[in-house]
Every structure is written in C-alpha cells, then in structure tokens.
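Work through the exercises below with the sequence and the model open. Each task is followed by a solution in steps.

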Amino acid sequence: KVKDVQQKPGKKTPSAPFTTSTLQQEASRKLGFNVSKTMSVAQRLYESGRITYMSTDSVNFSDFAINAAADEIKSQYGEQFCNSRRYATKNKSAQEAHEAIRPTDFSVHSIGSFSPEDKLYQLIWKRAISSQMSDAQIERTRVTIGDANLSENFVAVGEVIKFEGFLKVYLEGNDDDQEQEDVGVLPNMESGDSLLVDSIKAHQRFTRPPARFTEAALVKKLEELGIGRPSTYAPTIKTIQDRGYVERKSIEGNEREVIILS
C-alpha cells in the first residue's frame with residue numbers, strides 16, 4: 001500500500017553563459033570534442049563573425065546582448081519564457097576583459113550544416129539564449145510504499161515538469177551523470193492506495209574511487225586552482241600530452257560480481 005505521498009514545488013535555474021572553461025567542458029561532454037578541437041573550431045566561428053571572442057572568463061552580457069536575447073525569446077517562445085538576468089563571476093582571479101561567449105546574432109539558430117562549426121555554434125546559441133530564460137517549475141514527488149509483512153519501506157522519487165522554462169532549449173551536462181539515479185515521472189497516487197507487486201529487485205552497489213581526469217575535468221580543476229588563463233588551458237593540456245606526462249586513452253574496468261536479489 002501507499003503509506004505516504006509528499007509533493008514539493010521546486011525550480012531549476014539556467015546555467016550562466018559560456019566562458020572558455022565551461023565551453024571546453026560542455027563541448028567535451030556533449031560533442032566529444034577535445035579541448036584543442038573546441039578552441040580551433042571556436043576560433044573559426046569567431047573569425048567568421050559568428051560568435052564573440054572565445055578566450056574569456058566573464059559570464060556577463062552587454063546591454064545590447066541582453067536586449068537582443070530577450071527579443072528572440074519573446075518572438076520564438078513567448079513572453080512568459082523570458083527572464084533577463086546578469087550573472088556574477090565566481091572565479092576571484094577572473095579579469096572579465098570580454099563578454100561571455102555568445103552568438104553575435106541571436107536570430108541565427110544554426111549556420112546550416114552538420115559541420116563541427118555548426119555543432120559548436122548551436123551549443124553556444126542554446127547556452128546563451130537559455131541563460132536569459134525563465135526558471136523551470138517542477139514538482140518533486142516522494143512516495144513511500146510498504147506492507148504489513150515487510151519490515152522495510154520502499155521509496156519512489158520522481159519529478160513532474162509544470163513549466164518548461166529554459167529546459168525547452170537546453171540542459172547542462174554533468175560529469176557525474178552516470179552516477180545519478182534516474183528520476184522519472186510517477187503516476188498519481190494517494191496515501192492508502194493498494195498496489196500490485198510486479199517485481200522487486202535489489203542491486204548490490206559499491207563506492208567508486210575518484211575517476212581519472214578527462215580533458216574537461218582537468219580544465220575545471222585548473223580553473224578552480226587559479227592555474228593559467230582562458231587562453232592557456234588548451235596549450236597546457238596539449239603540452240602535458242605531447243611530453244608524455246599523461247596518456248589519453250580509454251581504460252577498461254575490471255568486472256565485479258554483484259548480488260541481485262529479486
């Protein structure tokens with residue numbers, strides 16, 4: 001039976017526009033680009049006038065960019081999706097000499113090909129436009145399920161999106177996506193409802209050691225430690241690879257027997 005149902009309203013807030021560091025990390029996660037490729041593609045986009053300068057640690061937009069983004073959001077998605085905002089840089093050593101990385105023309109959603117330039121441009125456009133959109137409104141639901149013959153309760157957790165907001169355009173990737181348990185949509189349930197057991201499975205889990213560095217994770221660490229500038233992340237990573245200080249490869253894990261009770 002359903003013992004308890006708890007529903008709490010919540011919200012998700014869009015991420016700040018791209019800096020050099022966050023662009024390199026997200027291009028690695030979502031496009032599979034290494035740091036050098038990301039910067040060379042971004043350089044070509046900049047030289048062709050598609051994006052603003054790509055070596056920056058600023059998350060700020062100019063007044064012109066904020067207004068242009070607002071006009072595009074209202075035109076494409078409606079007034080309720082627009083929420084113009086400014087972001088504060090968390091990095092204390094940031095010099096903020098340039099704007100955040102953004103399209104020069106927000107009305108251009110794509111540059112019309114399946115090239116690396118187009119893929120990176122669309123990623124930059126989505127991140128920039130979503131940063132100026134409304135929060136997503138969600139409802140977090142937690143259902144406790146139990147039985148008189150069972151000493152333990154089962155808990156189901158899910159989310160329902162009430163208003164898409166910025167999620168209509170973009171959701172930031174995460175290095176720990178594989179570690180996060182799926183949060184699905186639950187059916188309507190009330191306390192006291194009877195449920196039929198379809199199946200119950202228990203999986204044995206082990207604590208994992210810290211993962212090895214990816215290029216994206218290393219860029220993130222360099223920024224956290226205040227090592228280098230936006231323009232030096234890519235050359236630094238290339239240098240440590242060229243000199244053989246690190247190996248860039250996929251490492252197969254070891255199989256481990258796990259217990260599954262059903």
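**Exercise 1. Helices H5 and H6**

Which residues in H5 meet which residues in H6? Describe the geometry of the pair as well.

Solution. The model is a predicted one.

Step 1. On the H5 side, the contact residues are Glu215, Leu218, Val219, Leu222 and Glu223. On the H6 side, they are Tyr233, Ile237, Ile240 and Gln241.

Step 2. Sorted by class, the contact of H5 with H6 has 6 nonpolar, 1 polar and 2 charged residues.

Step 3. The axes of H5 (residues 215-225) and H6 come within 11 Å and cross at roughly 120 degrees. H5 is therefore oblique to H6.

Step 4. H5 and H6 cross in the right-handed sense.

**Exercise 2. Helices H2 and H6**

Find the residues in H2 that meet H6, and give the angle and the axis distance of the pair.

Solution. 

Step 1. H2 covers residues 35-47 and H6 covers residues 233-242. They pack at an angle of about 145 degrees, and their axes are 9 Å apart.

Step 2. The crossing of H2 and H6 is left-handed.

Step 3. From H2, the residues Val35, Ser36 and Met39 meet Ala234, Ile237 and Lys238 in H6. This contact of H2 with H6 holds 4 nonpolar, 1 polar and 1 charged residues.

Step 4. Look at Ile237 in both lists: it is among the H6 residues that meet H2, and it is also among those that meet H5.

**Exercise 3. Helices H1 and H4**

How do H1 and H4 pack, and at what angle?

Solution. 

Step 1. H1 (residues 20-31) and H4 (residues 116-130) have axes 11 Å apart, at an angle of about 120 degrees.

Step 2. H1 and H4 are therefore oblique to each other.

Step 3. The crossing in which H1 passes H4 is right-handed.

Step 4. H1 contributes Thr22, Leu23, Glu26, Ala27, Lys30 and Leu31, which meet Lys119, Leu120, Leu123, Ile124 and Arg127 in H4. By class, the residues of the contact of H1 with H4 are 6 nonpolar, 1 polar and 4 charged.

**Exercise 4. The open sheet**

In what order do the 3 strands of the open sheet stand, and which are the edge strands?

Solution. 

Step 1. The order is S1-S2-S3, and the pairing is antiparallel.

Step 2. S1 and S3 are the edge strands, since each pairs on one side only.

Step 3. From one strand to the next, the twist averages 20 degrees.

Step 4. S1 (residues 2-12) pairs with S2 (residues 136-145) over 10 bridges.

**Exercise 5. Two residues and their surroundings**

Is Glu117 buried or exposed? Is Ala100 buried or exposed? List the contacts of Glu117 and of Ala100.

Solution. 

Step 1. Glu117 is found in helix H4. Its relative accessible area is 18%, and the cut-off for a buried residue is under 20%, so Glu117 is buried.

Step 2. With neighbours within four places in sequence left aside, Glu117 is in contact with Val41, Arg44, Leu45 and Ile111.

Step 3. Ala100 lies in the loop between helix H3 (63-76) and H4. Ala100 has a relative accessible area of 0% and is buried.

Step 4. With neighbours within four places in sequence left aside, Ala100 is in contact with Pro17, Phe18, Thr52, Thr56, Ser58, Val59, Asn60 and Phe61.

Step 5. For a distance check, Ala100 and Val169 are 69 residues apart in sequence, and 19 Å separates their C-alpha atoms in space.

**Exercise 6. The whole protein**

How many helices and strands are in the protein, and what share of the residues is buried?

Solution. 

Step 1. The protein has 6 helices and 5 strands. Read from the N terminus, the elements run β-α-α-α-α-β-β-β-α-α-β.

Step 2. Of the 262 residues, 33% are buried.

Step 3. Among contacts with a separation of 6 or more, 79% are between residues 24 or more positions apart.

Step 4. Along the principal axes, the C-alpha atoms fill a box of roughly 70 × 50 × 40 Å.

Definitions and conventions
Residues numbered from 1 in each chain as written. Predicted model: local features only at pLDDT ≥ 70, side-chain atom pairs only at ≥ 80, totals over all residues. Heavy atoms only, no water. Pairing = 2+ DSSP bridges. Helix = DSSP H or I, 4+ residues; strand = E, 2+ residues; numbered from the N terminus. Axes fitted to C-alpha atoms, helices over the stretch in contact; angles between N-to-C directions. Parallel < 35°, antiparallel > 145°, perpendicular 65-115°, else oblique. Left-handed = near helix turned anticlockwise from the far one by under 90°. Contact = heavy atoms within 4.5 Å. Nonpolar A, V, L, I, M, F, W, Y, C, P; charged D, E, K, R; others polar. Buried < 20%, exposed > 50% of the residue type's maximum accessible area, 1.4 Å probe, protein only.
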